[in-house]
Amino acid sequence: MGDQCGIANGAILYSQDRIIVGRRVVISQGAHIVTGTHDYTDPGFSLFTKPVIIGDHAWIATEAFVHPGVSIGRGCVIGARSVVTKDMPEWTICAGHPCKSIKERIPAADIISFK
């Protein structure tokens with residue numbers, strides 16, 4: 001976890017694998033960051049894990065769900081109650097079920113210079 005991060009009450013970081021959180025990241029109330037799931041094709045539902053990576057300056061809003069193996073790009077905003085099943089690009093606003101890129105986010109000059 002990088003410097004100056006905020007993880008709100010009720011956020012769940014289900015870390016059966018690595019969760020990499022960049023600097024100045026916000027993870028809001030009730031968000032779920034999940035690194036493990038089960039193989040539905042296996043009659044025994046075997047467990048498998050994949051890391052989650054959240055880039056610097058990203059915000060995972062209230063009650064969003066991030067699946068195993070997903071990367072959230074630097075500066076990306078994930079809207080409330082979104083379900084993220086695929087990688088999300090840098091400096092975009094993303095939302096929905098399934099989550100998708102909605103529009104570009106323009107970073108402030110002070111954020112671009114803070115690396």
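Predicted model: local features only at pLDDT ≥ 70, side-chain atom pairs only at ≥ 80, totals over all residues.

Q: Which residue stands opposite Ile93 in β15?

A: Ile93 stands opposite Lys103 in that strand. Here β14 (residues 92-96) and β15 (residues 99-104) run antiparallel and are joined by five bridges, and Cys94 stands opposite Ser101 in β15. The two strands form a hairpin with two residues between them.

Q: What is the peptide bond like from His97 to Pro98, cis or trans?

A: As a general idea, most peptide bonds are trans. The bond from His97 to Pro98 is cis, with omega near 5 degrees, and Pro98 is found in the loop between β14 and β15.

Q: How should I read phi, and what is its value in Glu63?

A: Most residues other than glycine have a negative phi. Glu63, however, has a phi near 60 degrees, which is a positive value in a residue other than glycine; this residue lies in the loop between β9 (59-60) and β10, and it counts as partly exposed because its relative accessibility is 37%. Arg81 also has a positive phi, near 60 degrees, and is found in the loop between β12 and β13. With a relative accessible area of 60%, Arg81 is exposed, the cut-off for that word being over 50%.

Q: In what order do the strands of the open sheet follow one another, and is their pairing parallel or antiparallel?

A: The open sheet has four strands in the order β2-β5-β10-β13, and the pairing is parallel. Both β2 (12-14) and β13 (83-84) stand at the edges with a single partner strand each, so one side of each has no neighbour in the sheet. For β13, two bridges join it to β10 (residues 65-66), and Phe65 has Val83 as its bridge partner there.

Q: Which residues touch the most other members of the largest nonpolar core?

A: In soluble globular proteins, nonpolar side chains tend to be buried together. The largest nonpolar core here has 21 residues, of which Ile54, Ile60, Ile72 and Ile78 touch the most other members. Strands β3 (19-21) and β8 (52-54) each supply at least two residues of this core. Leaving aside residues up to four places away in sequence, Ile78 touches Trp59, Ile60, Ala61, Ala64, Ile72, Val84, Met88, Cys94 and Cys99.

Terms used
Residues numbered from 1 in each chain as written. Heavy atoms only, no water. Pairing = 2+ DSSP bridges. Core = buried A, V, L, I, M, F, W, Y, C linked by side-chain atoms within 4.5 Å. Buried < 20%, exposed > 50% of the residue type's maximum accessible area, 1.4 Å probe, protein only. Contact = heavy atoms within 4.5 Å.
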